[in-house]
Amino acid sequence: MDEAAHSAAAHSGSATGETYRNPILDADWSDPDVVCVGDDFYLTASSFGRAPGLPLLHSRDLVNWTLVGHALEHLEPAAEFRSPRHDCGVWAPSLRHHDDRFWIFWGDPDQGLFQVNAPEIRGPWTRPHLVKEGKGLIDPCPLWDEETGEAYLVHAWAKSRSGVKNRLTGHRMHPDGTSLLDDGKLIVEGDRIPGWFTLEGPKLYRHDGWFWIFAPAGGVDTGWQGAFRARDFFGPYEERIVLEQKDTDVNGPHQGGWVRTPSGEDWFLHFQQRGAYGRVVHLQPMRWGDGGTSRSSEAGSGGSWPVIGDGGAPVAVHRRPDLPPQPAAAPATDDDFPGGRFGRQWQWTANPQDGWATQHSGDGLRLSCVRTADAHDLRKLPHVLTQRLPGVPSAVEVELELHGEEPGARAGLAVLGDAFSWIGLQRGTDGTVHLVHRFAEAVAEKERDAAHPRLAPHGRVRLRVEIGAGARCRFAYDLGDGPRHSGPVFAATPWRWVGALLGLFALAPDGPGRAGAGTFTHFRISTL
């Protein structure tokens with residue numbers, strides 16, 4: 001599949017040939033970090049409990065991005081992720097390039113701080129290595145000080161697991177990135193800064209003789225981006241707010257990474273929380289000057305500070321980075337599933353098992369109707385194949401054929417979050433196949449009908465979801481006699497930290513033996 005296909009490129013941040021428009025990634029690429037290696041830029045993001053994890057994106061101009069792979073094939077410990085854990089797993093990774101290798105550090109709030117590394121962005125990546133064990137350890141970022149040869153690591157805390165938050169802890173790290181050399185020291189205590197709360201997501205840099213920590217605070221929906229600096233890694237640090245909403249419509253512009261281009265331009269990438277769409281990615285110009293605001297009477301000594309966006313406010317449209325022009329591109333969405341294989345844009349809702357998807361000689365995704373005791377609740381299923389909900393009004397279409405005679409076997413297209421809705425085909429006890437449309441509210445323990453079932457005499461259907469403003473979804477189908485809408489509008493909802501997902505699935509009630517399969521073909525997302 002061409003990564004710059006029309007359905008994908010329509011979601012890129014293009015405005016004109018000389019400017020770009022935010023967001024540059026209009027989908028849930030949560031907690032982004034970025035690095036420049038030569039003339040290439042690479043980005044990773046949180047992937048939480050989905051597999052494969054740690055997506056890897058590539059760009060030559062910081063505006064047009066393609067998905068080139070994942071650094072984490074399975075989540076570990078593997079047994080912990082046999083079932084969905086939608087808000088757990090990989091939180092806020094940091095991406096660095098050191099000693100001719102790519103490094104990604106991340107926090108699992110229930111396990112500790114991990115890292116993987118590879119000689120090339122496409123791998124092979126090492127298996128996850130636990131650098132520091134402990135509950136509530138999140139958002140790690142390493143720094144190799146090229147001047148001294150020392151290595152450091154900073155991380156934040158999740159109160160839900162550790163009982164503390166709003167603080168950053170610093171460590172000396174072994175230069176090989178495998179272990180920490182001390183017990184850690186509290187280097188920034190947010191509770192001592194008037195007005196600051198939920199300090200997290202630190203990114204660590206060395207610049208102009210200072211140690212710099214770029215860290216967000218104030219909460220996901222309405223927070224701000226802070227910058228901290230100190231002459232010594234362990235402090236004391238002074239702080240300023242360097243990016244906040246001000247009078248724009250970009251709520252909570254924070255948490256991301258600073259990158260410098262080969263020509264010396266500085267840019268900052270961050271997310272914006274957009275409800276069911278998740279955390280979309282913005283690109284801000286950055287320079288060094290007398291910028292930002294301090295909320296501490298002790299902060300604000302001389303020297304330059306990062307000035308991000310338009311005087312500390314996020315920009316909607318801006319001049320493109322001074323980089324060679326590139327064709328419009330965005331992470332792929334469409335898929336013809338050649339040979340039964342699915343593209344990089346798809347992730348399972350837990351660690352995959354053999355037999356969920358079957359390769360074959362033709363085109364089409366053949367998903368086995370996996371037997372489960374949780375057939376009534378898609379949120380509990382590990383074998384839902386998902387991709388991100390597009391951030392612009394879009395139509396999602398796919399063709400489905402249900403194979404097998406097992407009563408209760410079903411397959412369909414879902415919009416999945418705390419609440420979910422799906423439309424598809426189900427085999428009845430009398431052997432007939434019906435078009436069914438079901439949903440469950442966030443508080444519901446099982447699904448129920450969103451529309452009356454309708455006979456599907458050929459066992460085939462074309463499914464469609466129209467996603468409008470506010471992630472309001474209208475389901476539709478075509479059994480060969482023309483398209484028809486089904487049920488009322490469904491408002492997509494996120495999980496706590498994860499945006500809503502599009503999903504394909506096939507399942508059957510618990511029982512012995514195989515239960516057939518569903519074959520999906522011609523998956524398309526088009527802009528409305």
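This report covers a sheet, a loop residue and the nonpolar cores of a predicted model.

## Basis

Local features need pLDDT of at least 70, side-chain atom pairs count only at pLDDT 80 or more, and totals for chains, interfaces and linings use all residues. Residues are numbered from 1 along each chain as its sequence is written, and side-chain values use heavy atoms, with hydrogens and water left out.

## The sheet

Two strands pair if DSSP finds at least two bridges between them.

E35 (residues 460–467) and E36 (residues 472–478) pair over 6 bridges in the antiparallel sense. Leu 463 stands opposite Tyr 477 in E36.

## The loop residue Ala 471

Ala 471 sits in the loop between E35 and E36. Its relative accessibility is 1%. Beyond neighbours within four places in sequence, Ala 471 contacts (heavy atoms within 4.5 Å) Ala 276, Tyr 277, Leu 389, Phe 490, Ala 491 and Ala 492.

## The cores

A nonpolar core is a set of buried Ala, Val, Leu, Ile, Met, Phe, Trp, Tyr and Cys residues joined through side-chain atoms within 4.5 Å. The largest has 46 residues. Leu 463, Ala 492, Leu 504, Phe 520 and Phe 523 touch the most other members. Apart from it lies another core of 42 residues, including Ile 213 and Phe 505.

Notes
Buried means under 20% relative accessible area, exposed over 50%, partly exposed in between (1.4 Å probe, protein chains only). Helices (H or I, at least four residues) and strands (E, at least two) are DSSP runs, numbered from the N terminus.
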